[in-house]
Amino acid sequence: MGGMMRETQRLSLFWRIFLLNAAVVTVAFAVLMFGPFTVSAPVLMTEAALLSGVLVVMLVANAGLLRLGLAPLERLARTMSTVDLLRPGHRLAVTGRSGIADLIRSFNTMLDRLEAERATSAARALSAQEAERKRIAQELHDEVGQTLTAVLLELKRVADHAPEPVSGEVRQVQETIRNGLDEIRRIARRLRPGVLEELGLSSALKSLAGEFSTGGLTVRRNIDGDLPDLGKEAELVLYRVAQESLTNTARHSGARQVSLCLSHVPGSAAGPAEIELRIRDDGAGVGGAPEGAGIRGMRERALLIGADLHVGPAPGQGTEIRLRVPLGGEETHP
């Protein structure tokens with residue numbers, strides 16, 4: 001008996017469905033063949049009712065057996081419809097007979113391959129993006145910045161030798177160009193966080209919080225002073241996530257207060273040590289809006305270092321973004 005069960009488990013999905021249907025039809029055939037039933041011509045009402053009952057029983061039995069046999073496929077279909085490669089690690093338990101179990105294993109293997117390929121391609125894309133940001137920032141600083149500086153010096157010379165009405169107008173033009181030069185320098189700093197390379201993550205986040213603290217938005221920061229060395233990849237991810245979060249808050253949330261916290265969470269039995277970046281505002285919140293390109297970009301960056309990103313409602317009101325970077329096992333990419 002055990003050998004027959006093992007043979008049945010090795011049958012393909014096609015043969016199992018075929019045998020289920022064949023068993024139902026065979027039982028119905030045997031009942032009609034050997035039972036005390038006759039069919040007249042024309043069919044009597046009692047015979048039609050009996051045949052209809054047999055048909056209903058066949059259909060119900062067939063539907064029940066098929067539902068039982070195909071239940072793992074339904075679970076697989078639900079999993080396939082909810083898989084998000086930006087939230088990796090979700091796999092379907094391998095259950096069912098051999099054919100369905102093989103299908104589930106193939107699906108899980110496909111997810112492993114897709115997640116690995118996506119991580120590799122995302123790393124290349126983000127690396128190219130950072131290189132392009134650096135190039136544009138360098139050109140803004142070296143080309144446009146130096147040109148506008150030379151124009152300012154030339155306008156100063158003209159203003160010093162021009163009569164009073166013209167001199168005043170030239171100085172107004174000077175002030176406009178100076179403001180434009182300051183804006184170009186600010187854009188270049190956002191494109192290439194030089195303070196991150198020169199002074200480290202803590203100073204870069206303090207500078208970033210200062211940039212976003214305007215008349216309508218106050219950014220309060222709380223940064224631990226005993227942060228361990230994270231490596232360039234992890235520091236850049238933390239900085240970019242903080243930058244994108246503050247940009248979204250300033251543009252879309254309508255918040256008045258934002259808190260930026262960077263803390264070192266010691267390891268415990270529940271999990272390894274990690275660095276946690278938490279940004280919380282008092283704005284309108286995310287509600288049921290779908291995630292935009294900014295949040296998906298943050299998830300892409302978090303995957304590069306094996307970090308966990310959570311975006312959701314803050315306690316009370318607003319939005320909270322938490323990025324947890326595990327220590328000692330960061331996954332880095334060239």
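Buried means under 20% relative accessible area, exposed over 50%, and partly exposed in between, with a 1.4 Å probe and protein chains only. The structure is a predicted model, in which local features need pLDDT of at least 70 and side-chain atom pairs count only at pLDDT 80 or more, while totals for chains, interfaces and linings use all residues. Residues are numbered from 1 along each chain as its sequence is written, and side-chain values use heavy atoms, leaving out hydrogens and water.

**Exercise 1. Determine how far β3 is covered, and describe the strand order of its sheet.**

Step 1. Helices (H or I, at least four residues) and strands (E, at least two) are DSSP runs, numbered from the N terminus. Six of the eight residues of β3 are buried, so that the strand is mostly covered.

Step 2. The open sheet has five strands in the order β1-β2-β3-β5-β4, with mixed pairing. Two strands pair if DSSP finds at least two bridges between them. The edge strands, each pairing on one side only, are β1 (218-223) and β4 (308-313). From one strand to the next, the twist averages 10°.

Step 3. β2 (residues 257-265) and β3 (residues 274-281) are antiparallel partners over eight bridges. Within this pair, valine 265 stands opposite glutamate 274, and valine 258 has aspartate 281 as its bridge partner.

Step 4. β3 also pairs with β5 in the antiparallel sense, over seven bridges; here isoleucine 275 has valine 325 as its bridge partner.

**Exercise 2. Classify glutamate 274 as buried or exposed, and list its contacts.**

Step 1. Glutamate 274 is a residue of strand β3. Its relative accessibility is 17%, and therefore it counts as buried.

Step 2. Contact means heavy atoms within 4.5 Å. Not counting residues up to four places away in sequence, glutamate 274 touches Ser263, His264, Val265, Arg324, Val325, Pro326 and Leu327.

**Exercise 3. Characterise the packing of α7 against α8.**

Step 1. Axes are lines fitted to C-alpha atoms, for helices over the stretch in contact, and angles run from 0 to 180 degrees between N-to-C directions. For α7 (residues 201-212) and α8 (residues 232-253), the angle is about 10° and the axes are 10 Å apart. α7 is therefore roughly parallel to α8, a term for angles under 35 degrees.

Step 2. On the α7 side, the contact involves Leu201, Ala204, Leu205, Leu208 and Phe212. Among the α8 residues that they meet are Leu238, Tyr239 and Leu246.

Step 3. α8 lies across β1, β2, β3, β4 and β5 (319-326), and runs at about 10° to β3.

**Exercise 4. Identify the residues with the most contacts inside the largest nonpolar core, and the element that gives the most to this core.**

Step 1. A nonpolar core is a set of buried Ala, Val, Leu, Ile, Met, Phe, Trp, Tyr and Cys residues joined through side-chain atoms within 4.5 Å. The largest has 35 residues, and those with the most contacts inside it are Leu205, Leu238, Leu277 and Leu323.

Step 2. Elements giving two or more residues to this core include α7, α8, β3 and α9 (293-304). α8 gives the most, with seven residues.

Step 3. Leaving aside neighbours within four places in sequence, leucine 323 has contacts that include Val237, Leu238, Val241, Ile275 and Leu277.

Methods. Angles under 35 degrees count as roughly parallel, over 145 as roughly antiparallel, 65 to 115 as roughly perpendicular and the rest as oblique.
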